[in-house]
Amino acid sequence: MGTLAALLGAGVFLFSYPAVGPLLEALLGRATLLSAAFAMPEGALETLRQRYSPELYEDLPDDPPPQSASQPASPPAENAPSSQGGSAPPQSSQVELPPETPAQLPEIPPQYQAPIISANMTGERGNLAFYQYGAAWIRNYTNLSLGEISRVLETPAGVSVEAGTQEPQVLIYHTHTTESYEEWDREIYDSRNDWRSLDNTINMAAVGEELAKELEKRGISVIHDTTQHDYPAYNGAYDRSAATIQGYLDQYPSIKVAIDVHRDAVLYDDGSILKVVQEVNGRKAAQLMIIAPCDDGTVGIPGWEENFRFAAGFTQAVEEQYPGLTRPVFFCYRNYNLGMTPDSLLFEFGTNGNTLEEAKYTARLIGPILADYLLGEES
């Protein structure tokens, strides 16, 4: 895994970071990026070994192979589908305010204090690694030229769902359910934190629930699965989530869209972590990054163009309403179970440096936009 400086030198991301430019410049020279965008589904294995609690993650291999839809896993009995959502009472359309931050935050012993670096990640004009699609950006990690990408995106996405039907239309699930966030919004964190939780009220299941509620408000029938596919072992989580997805598809052929809700993680060599953030209506929101697949004949997603158009079109819709809320679409040769439904995407809500409230706020912001997009009612 390369350094962040090398990745940035190749044009991976542009940091909009006016407040602490010299500090960022110093960090880039010695930073290692541990990001789902670069190492999923394997993850940052060495960091997992060193930082994540052993009772959650055992027997991590040195170099696990990428997951592939060409080798489906048999659904284990313990992963039988369990439906959540779809019958929730109507929710108020008003965005909830976060709980008040205590006047005095819990103290962190000096030896365990490490900095949180806030930044906004966007594209870079003039860099051939990036493609601008309206107000959205796409980071191209494929062999396709920008001209070829442009021709693919000339055709609109065909994704469409119906409102008011009892048949499930959207599946929201979590391959890495136990991923969690910082508890407080501040400039330091406790280096003993493992950013994992078995409590579904504070891990990725809580973010997925906010997204599901927003879709349900518009009459879209949603199944929100909260199975912890990464517990008790991290390795094999994508095989287990594939089994869960297939179980739902067998039971509900009406499902048209599947969204895997994650959060990213960026850790530097000096122990500092990155927080990706954009202010919306005076409040901090975690930036959203969508991972979309490309298939060169080896990935196992023959219909990748539809997923990619969905990712680009929806990111464009979000950026039109909330500029800066999204990171560039991560366009890559990866499977991530994204070929199992006609329209499948992976959503990354912030990083381990963000707070849960920031991620949930983003889910509330993008939920109505996603509903409009799926119903064909976006402006």
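Author: Happy to! One definition before we look at how helices cross: an axis is a line fitted to C-alpha atoms, for a helix over the stretch in contact, and angles run from 0 to 180 degrees between N-to-C directions. Please also keep in mind that this is a predicted model.

Reader: Okay, so at what angle do H5 and H8 cross?

Author: The axes of helix H5 (residues 146-153) and H8 cross at roughly 85°, coming within 10 Å. Angles of 65 to 115 degrees count as roughly perpendicular, and H5 and H8 are therefore roughly perpendicular to each other.

Reader: Which residues make the contact there?

Author: From H5 you have Ile149, Val152 and Leu153, and from H8 there are Trp304, Glu305, Phe308, Arg309 and Ala312. By class, the contact of H5 with H8 has six nonpolar, no polar and two charged residues.

Reader: Let me zoom out for a second. How many helices and strands does the chain have?

Author: The chain has nine helices and 13 strands. Of its 379 residues, 56% are buried. As for contacts with a separation of 6 or more, 83% of them are between residues 24 or more positions apart.

Reader: Back to H8, then. Does its length agree with what you'd expect, or disagree, and why?

Author: It agrees, because the 18 residues of H8 should span 26 Å at 1.5 Å a residue, and the end C-alpha atoms are 26 Å apart.

Reader: And is H8 mostly covered or mostly uncovered?

Author: Mostly covered: 15 of the 18 residues of H8 are buried.

Reader: What angle does H8 make with H9?

Author: Helix H8 (residues 304-321) packs with H9 at an angle of about 130°, and their axes are 10 Å apart. That makes H8 oblique to H9. The crossing of H8 and H9 is right-handed.

Reader: Which residues meet there?

Author: On the H8 side, Arg309, Phe310, Gly313, Phe314, Ala317, Val318 and Gln321 meet Ile366, Ile369, Leu370, Tyr373 and Leu374 of H9. The residues of the contact of H8 with H9 divide into nine nonpolar, two polar and one charged. Arg309 of H8 is also in the contact with H5.

Reader: Nice. Now, how do H6 and H9 cross?

Author: Helix H6 (residues 204-217) and helix H9 (residues 356-375) have axes that cross at roughly 25° and come within 8 Å. Angles under 35 degrees count as roughly parallel, and that makes H6 roughly parallel to H9. The crossing of H6 with H9 is right-handed.

Reader: Who's in that contact?

Author: H6 brings Ala206, Val207, Glu210, Leu211, Glu214 and Leu215. H9 brings a list that includes Leu356, Ala359, Lys360, Ala363, Arg364, Ile366 and Leu370. In the contact of H6 with H9 there are eleven nonpolar, one polar and four charged residues.

Reader: Why is H6 called largely enclosed?

Author: Because eleven of the 14 residues of H6 are buried, it is largely enclosed by the rest of the structure. Among the buried ones are Met204, Gly208, Glu210, Glu214 and Glu216.

Reader: What do the buried residues of H6 pack against?

Author: They pack against H9 and several strands: E5 (170-173), E7 (222-224), E8 (257-262) and E13 (343-349).

Reader: Switching to loops! Which peptide bond is cis?

Author: The bond from Tyr231 to Pro232 is cis, and its omega is near 5°. Pro232 sits in the loop between E7 and helix H7 (237-251).

Reader: Which residue has a phi near 55°?

Author: That's Trp195, a residue other than glycine with a positive phi. Trp195 lies in the loop between strand E6 (188-190) and H6. Its relative accessible area is 1%, so Trp195 is buried.

Asn337 also has a positive phi, of about 65°, although it is not a glycine. Look for Asn337 in the loop between strand E12 (329-332) and E13. Asn337 has a relative accessible area of 4%, so it is buried.

Reader: Last one: where is Leu267, and is it buried or exposed?

Author: Leu267 is in the loop between E8 and strand E9 (273-280). Buried means under 20% relative accessible area, so at 11% Leu267 counts as buried.

How values were computed:
Residues are numbered from 1 along each chain as its sequence is written. This is a predicted model: local features need pLDDT of at least 70, side-chain atom pairs count only at pLDDT 80 or more; totals for chains, interfaces and linings use all residues. Side-chain values use heavy atoms; hydrogens and water are left out. Helices (H or I, at least four residues) and strands (E, at least two) are DSSP runs, numbered from the N terminus. Angles under 35 degrees count as roughly parallel, over 145 as roughly antiparallel, 65 to 115 as roughly perpendicular and the rest as oblique. A crossing is left-handed if the near helix is turned anticlockwise from the far one by less than a right angle, and right-handed if clockwise. Contact means heavy atoms within 4.5 Å. Ala, Val, Leu, Ile, Met, Phe, Trp, Tyr, Cys and Pro count as nonpolar, Asp, Glu, Lys and Arg as charged, and the others, Gly among them, as polar. The expected span of a helix is 1.5 Å times one less than its number of residues. Buried means under 20% relative accessible area, exposed over 50%, partly exposed in between (1.4 Å probe, protein chains only).
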